[in-house]
Structures are given as structure tokens and as C-alpha cells.
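Subject: Structure handover, aromatic contacts

Dear colleague,

I am passing on the structure below, together with some notes on its aromatic side chains. Please read the notes alongside the coordinates.

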Amino acid sequence: MTAPTDPGPPLAGFTPTQFTHDGTTRTVYRGGVGPGVVVIHEVPGVTPNVAAFGRRVVDAGFTVAMPSLFGEPGRAPSAGYLARSLVGGCVAREFTTWATRTTSPVIEWLRALARDLHASAGGPGVGAVGMCFTGGFALAMAVDDTLLAPVLSQPSMPLPVGTERKRDLQLSDADLARVQARATNDGLCVLGLRFTRDPAVPPERFAHLREALGDQFLAVEIDSSPGNPHGIPRSAHSVLTEHLVDEPGHPTHDALERVLGFFAERLLPAPS
């Protein structure tokens, strides 16, 4: 069963804007009303299904800021497009794809975007979700007090080659210590999503998150082993987009609802 695609224009509901920090300007697609959530796309870019996820966040009562870091916004994925975007991301200086215990340079820009979104959208703080290539970015953004609801969907970097990289969380020791302090002292929670047989997101990485954050790390691990009851293929990777089956009772639908609920718990006022 394939993931749903939006029948209208791929970026319908979002307005392209420009955001500049430290001399770097990128296009950011914005939409919605309410506390802010930064939606950071996966490889190959802001695809129709990434935008569809962003609309789900908007519909749940949030302002979404969806930056375009690479790729062609609105373009559907294909094998060639995926390969070109992945190679481009791997060689760009802004992204750390091989080094361990290192925070990618692009995180400073994303932290600034989150602060700007909080200032304009209001609320107690903002959420962020990274996916695949950017899956660990939300964790690194949680260094800032502004970030209250980080979601790591299939965090795949650094490339999991070798024991050390399989465990690595794509942030520096100092940044990890700051996130740990926030988890201990401020009640920061981190939500992580993965398919169990996804080689890009090895179990060692989630084990490291549990070691680092204890009960403040909330893991959603979806069974993709052979013979699993929902017929999820071993190749399944993108929990919230390309491999989402948006039907009640399906574990990817439940994962999507868990993400939206996590944002609501952390960012929306409690019902009176």
C-alpha cells in the first residue's frame, strides 16, 4: 500500500518566504496559525508527501515553517533525484554525514529560524521534526530553550558504517550535555521514530538515545521484520511520508498521531 499524495498543487497552503541568518538566506514555506513547528524535509527535498505532512501539522493547530535546504520544492521523488540530492548533501559543508560527535553547521541557521518562528507565532516555544538525512537536526536544535518538542524521524546521519557511527547522534559532546541537562532539569522529552529493520537507522542509535536521555527519550519502533502483521516491507524507511499508510490501526498512522499529540502536549494550552 502506498503513501497518500496530495491531489492539488504540492505546496498548496504554504507561502514562500525568505529567512536570513549570518549571511545565509533560504526559502522557508510558512502556513497555519498557532505555536510554531519547524518541519525539516528529508532527501531529496520538500516533496509532495513532506508538504502533506506539514499540512497535517497545520491542521492540528500549528504554524509550520518548512525550510528548503536542498532539492526542488514540490518535486516528487525518483531514483535519480534521490541520488543527486543525497550526493549533494553529503559533499556540502553545511552537513556532517561522516564525522562523529559533531554538530552540522546548518544547525545554527535552524536554531535562528526556530527563534524567529517563536517570536512571530507565540506560544510557550516551538517544535521541530527532522527526517532521514535531517533526522537528528531536531535533537541538536534542542540546545535552545525555545525548542520544546523535538522529533527525530528515522535519523540516518552520520551514515551508519562501523560501530561508532551506528551509535552516533550527530551532535557534539557539548551539545549533547546541554540536551541532557534540559532533559534532567527542564523535563525536555525527545520523540524518535524508526522501522525496526531499517539499516539506515540501526538499533544502536536508539539505544544510545536511551542511555543519554533515559525515560525522557520516547521511542516509536515499528515492526518491519519478515511476516510482520501489517505487511510492512523491510525496505520501509520514511515513517511520516513515503511509507505512511494513513489508515486507523496501521502503526504508521499511529506514529503520525503520536507526533501530532506530542506537539499538542508540549505546545498547546491544556483544555479548560
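The count comes to eight aromatic pairs, where rings of Phe, Tyr and Trp (its six-membered ring) pair if their centres lie within 6.5 Å, with planes under 30 degrees apart taken as stacked, over 60 as edge-to-face and the rest as tilted. Phe 19 and Trp 109 form an edge-to-face pair, because their ring centres are 5.4 Å apart and their planes stand at 70°. This pair links distant parts of the chain, 90 residues apart, with Phe 19 in strand β1 (residues 15–21) and Trp 109 in helix α3 (residues 106–121); helices (H or I, at least four residues) and strands (E, at least two) are DSSP runs, numbered from the N terminus.

The model is predicted, and local features need pLDDT of at least 70, side-chain atom pairs count only at pLDDT 80 or more, and totals for chains, interfaces and linings use all residues. Residues are numbered from 1 along each chain as its sequence is written, and side-chain values use heavy atoms, with hydrogens and water left out.

Phe 19 counts as buried at 10% relative accessibility, and Trp 109 is buried at 4%, where buried means under 20% relative accessible area, exposed over 50% and partly exposed in between (1.4 Å probe, protein chains only). The rings of Phe 70 and Phe 133 are also edge-to-face, since their centres are 5.5 Å apart and their planes at 80°. Phe 133 is buried, with a relative accessible area of 1%, and one aromatic cluster is formed by Phe 70, Phe 95, Phe 133 and Phe 137.

Best regards
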